[in-house]
Amino acid sequence: ILDACGAPGTKCSQLARRFETSSITMLDLHEHRVELSKELMERLDIKNVTCKVGDATTYEDEPFDAIMCDVPCSGLGVLRRKPDLRYRISPNDLDSLQELQAAILEHMDTLLKPGGQLVYATCTLNRKENEVQIDKFLDNNPTYTLIKQQTLLPHHHNSDGFYMALLIK
């Protein structure tokens, strides 16, 4: 399993507990965040995760059976906890984030085995970063099938806002 954009490792630790016999690679662009992930795995006594510094748009490895892409996003789903986000995000930021998300998805295709599962996730409610992003990816990659997608709305689930999509190659 590859957990791309995986730091600080919270979701990866859950994957490791759920799939104890699997080998998991946790990847993140920033060394200090990878160190946080390593510390978390040590603290939780998780042995099946290897934390690596790497760019999810260029990382090379053997193909994986499953990939988790919790991509960088605008974070608009967590506004109730971080209200200052609305003052720090601009339309240009959204455009560059969508380009980065697309680049990560396209590169992850090269790292996923046929028949493998790809989970795409964000903590935003922005349709361009979520449903539109997945629709474009599916249009460009006809070997994939969308199995399920779900948006968690804060006022319906008493949580932050999240989007998840499960695809099979």
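Which elements each supply at least two residues of the lining of the second largest pocket? Select helix 1 (10–18), strand 4 (64–70), strand 5 (112–122) and strand 7 (162–168) to see them. Helices (H or I, at least four residues) and strands (E, at least two) are DSSP runs, numbered from the N terminus.

Before going on, note that this is a predicted model, where local features need pLDDT of at least 70, side-chain atom pairs count only at pLDDT 80 or more, and totals for chains, interfaces and linings use all residues. Residues are numbered from 1 along each chain as its sequence is written, and side-chain values use heavy atoms, without hydrogens and water.

**Second largest pocket.** Its volume is about 370 Å³. Now pick Leu-15, Phe-19, Ile-67, Met-68 and Val-119, the closest to its centre among 18 lining residues. The lining divides into 13 nonpolar (Ala, Val, Leu, Ile, Met, Phe, Trp, Tyr, Cys, Pro), 3 charged (Asp, Glu, Lys, Arg) and 2 polar residues (the others, Gly among them).

A pocket here is an open set of points on a 1 Å grid over the protein atoms alone, where a 1.4 Å probe fits, with protein on both sides within 12 Å along at least five of seven lines; lining residues have an atom within 4 Å of a point. Points are joined across faces, edges and corners, and the volume is the space filled by probe spheres set on them.

**Largest pocket.** Next, select Ala-7, Arg-33, Asp-70, Val-71 and Pro-72, which lie nearest the centre of this pocket, lined by 33 residues. Helix 1, strand 2 (24–28) and helix 4 (91–111) each give two or more of them. The volume is about 870 Å³.

**Gly-6.** Finally, visit the loop between strand 1 (2–4) and helix 1, where Gly-6 lies. Leaving aside neighbours within four places in sequence, Gly-6 is in contact (heavy atoms within 4.5 Å) with Met-26, Leu-27 and Asp-28.
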